[in-house]
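These are my working notes on one structure, kept in the order in which I looked things up. I put the display first and the entries after it.

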Amino acid sequence: MKDTHESRQATACDGHSQAPHAVEGRRRIFRLMVGLAASATARVGFAGDEAQIVVGDRLVLHTTESSPVALRVADVKPGKVVLAFPFDPTTKKIRNESRLSKILLVRGDEAKMDDETKKRAAGGVLAFSSVCTHAGCDVNAWMAKTGKLLCYCHSSQFDPYDSGKVADGPAPRPLPWLAIKLEGEELTVAGPLSAPAGAPA
Amino acid sequence: MNRNVKNLLGALLLAPVAVLAADYAPVTDARLKNPEPGNWLTYRGNYAGWGYSPLKQINANNAKDLTVAWSFATGLAEGHQAPPIVNNGYMFVTTPGSQVIALNAKTGDEIWRFKKELPKDLLQLHPTNRGVALYGNKVYYTTLDTFLVALDAATGKKVWESKIAEWKNGYYTTVAPLAVKGKIIVGISGGEMGIKGFVKAFDAESGNEAWAFSTVAGPGEPGGESWPADTSKNGGGGTWVTGTYDPETNLTFWGTGNPGPWPIEGRAGDNLYTTSVVAIDVDSGKLKGYHQYHWRDAWDWDEVSAPLLIDTEIGGKKVKTAVHAGRNGYLWVLERTKDKMNFLAAHKYVEQNVFTAIDAKSGRPTYDPARIPGKGPTTFCPSLWGGKDWIPEAYNPDTGLLYIPATNNLCAELLAPEEDLTYTPGGLFIGYPIPDVLGSLRVGKNAGKNIGEVQAWNLKTGKQVWNHPYKGVNWGPLLTTGGNLVFGGGTTDRMFRAFNATTGAVVWEHATPSGVTGIPTSYEIDGVQYVAVLSGWGVDAQRMQGGLDAATNTKTNVPQGGTVMVFKLRK
């Protein structure tokens, strides 16, 4: 973990210290290396404090610590939010090093979905990043009356039927969505998150 | 830019800093015990937690002539709650996002700024910070990722950082540390996420942990029998407001949060030492006394505000008290001794319908069973945010009055608990569905009249002396001064106000850029008295207003953004 310290001298030129750029630079190189190493497996996330979600990953309840069992459509009950982590179906490794990998699943009403939404749903189950784009808390409630997803920290609301668009509250951008599909009966990651998970730095 | 010009600019900009750095006055135990009136060295100005400045250049007669001396934008949104702490020309404020800014207290020029780089996947339930502690030549503060950080006061360079607890398990820190006798004492947040609360002390020089006191008694420990089985493991009992200190007994007093999860099923017993005040020996970290304000909380009534230590007379008898305006709606007056806390009196100060009696000897309340949520829809007053949340009261030894920033006439309704609550590290562990919690506010029978209040109480008589009502909420911490004044903001109209401390009359008000939820302080430089406060609405003030808007079908927008506001008398 690195700290940045701005002396008056450092802020005099451009209002920013040098340290964040240096850290950012190192991160970029790291990402590039990870990206190269992972390109063969169509990796769509990055190591470290970034989301780790790979096409083909199955999903497991976020409370599971070992021996993941892939979630199926029937595990996502109507009206309930299920929080999950992706896992590699071959190695059974759960990608839970970062909260940014956490996924929210809800069983939507297919009659309310437009064609685009239907395409990214699997058996009526819709998937989003669970990390609120405001202050990083878990979006973990689905309000029965309005059909909106709710973050408990500061009451940001997102519309699952409208690409996770902000419906109310302080969140500055939509909740990123994740396309999923069925492999047999297992909910399976079908593409990358629509945008980076988490709150702006 | 030409290198010479750049060097020259750098030298010019650094020059005043160098002068100031040489002037930094080390903060000693003697100064903390008897703080000079011109400085504001601690969270509440003195160890007793009074929020009182003896300065009297600004007084009830001339406060109408207050004007802005300078202001400074922090560049950050969300809740700004920290007191501007001042030591010989240096002002230190903390902000959301775990930053510390050192300013020239006379001009508002930035001397340095320290930013803790926070983990990208950190969740921020309460993006705020309540200020620094000063000791020796260092500045101490806690961070959202649960570190205690020591900085060089003159330069802002980090000296050390110590991990307080693991944020991934729901522990986080927003509390201003307390510096006493070579120790830096901190509390903890995370009661909503299944933490086990504590107060911890660190060595001021090395950053090594000196002791830890668990506010939740475990199996086999004294008080452990008040928790069934292993429920104490995730029992809550946060300590997110700075404690007070009595040098005479060497005890530090901390308020403790509510037990978790909220539904009481499964945690039969008193759940010690939650919703209590604990008196801890500063040298050993051992518990020397406690008083539980209410047992087995079911209402989210965190009693985290530390009691004010006030030596007064009650019924003609001199008594050393510890006074706390409870979130449970009662004003508690306790006697503090070297090894015990004794109940003296409790006065209802806002609408409260849960307690049916309070035992005259022990102070233990009896509950109306119909007001204990858990099985089905239950209404109770005050609301989850209580009669007074974290925002501090103030005591003025000149008027002899205690001032309370209160929330009256608000109630709550909780529906059925969640059926399938399981603890997961770092996950929410409340026990009621979130939409129900956020939509729990109900207006009380007099809410149409007013909600927020500034109350003044005479502790000798146990009577309320004056009450200034606000139509809406009051989230304004209070300052009182030797000039017969009380200062506070906290309303959605962005105002910062001065009251006549004796009569409660508003003598001055000023609209700030955002709402004021910061702790006001006062200091003096070159013979001029200043009053300083952070403006910056957010966290629970915003959250409760959202709930109130939902309950009353209104929409209130308080702009966000932090500003240090500093006032002095117009010449």
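With the side chain of which residue does the side chain of A:Arg95 make a polar contact? I found the partner to be the side chain of A:Asp88, at 3.5 Å, where a polar contact is a pair of N or O atoms within 3.5 Å, one of which, within protein, must be able to donate a hydrogen and the other to accept it, and residues adjacent in sequence count only if both atoms are side-chain atoms.

Before going on I noted the ground rules: this is a predicted model, in which local features need pLDDT of at least 70 and side-chain atom pairs count only at pLDDT 80 or more, while totals for chains, interfaces and linings use all residues. Residues are numbered from 1 along each chain as its sequence is written, chains are lettered from A and ligands numbered from 1 in the order in which they are written, and side-chain values use heavy atoms, with hydrogens and water left out.

Entry on A:Arg95. I placed A:Arg95 in the loop between β3 (81-87) and β4 (103-107) of chain A, with helices (H or I, at least four residues) and strands (E, at least two) taken as DSSP runs numbered from the N terminus. A:Arg95 is buried, since its relative accessible area is 10%; buried means under 20%, exposed over 50%, and partly exposed in between, with a 1.4 Å probe and protein chains only.

Entry on chain A. I counted three helices and eleven strands, and from the N terminus on I read the elements as β-α-α-β-β-β-α-β-β-β-β-β-β-β. Chain A has 201 residues, of which 47% count as buried. Its accessible surface comes to about 9400 Å², with 54% belonging to carbon and sulfur atoms, by the Shrake-Rupley method with a 1.4 Å probe, where for residues only the protein chains shown count as cover.

Entry on backbone geometry in chain B. I kept in mind that most residues other than glycine have a negative phi, and that most peptide bonds are trans. The peptide bond from B:Leu272 to B:Tyr273 is cis, with omega near 0°, and B:Tyr273 sits in the loop between β16 (251-255) and β17 (276-281) of chain B. I also noted a cis peptide bond from B:Cys381 to B:Pro382, with omega near -5°; B:Pro382 belongs to the loop between β25 (378-380) and β26 (394-396) of chain B.

For phi, I recorded a positive value near 75° at B:Glu78, in the loop between β2 (66-73) and β3 (85-87) of chain B, and this residue counts as buried because its relative accessibility is 6%. B:Arg494 likewise has a positive phi, near 70°, but B:Arg494 is partly exposed, at 30%.

Entry on a sheet in chain B. I traced an open sheet of three strands in the order β25-β28-β29, with antiparallel pairing; two strands pair if DSSP finds at least two bridges between them. The edge strands are β25 and β29 (441-443), each pairing on one side only. Three bridges join β25(B) to β28 (residues 410-414) of chain B, and I saw that the bridge partner of B:Thr379 in β28(B) is B:Glu413.
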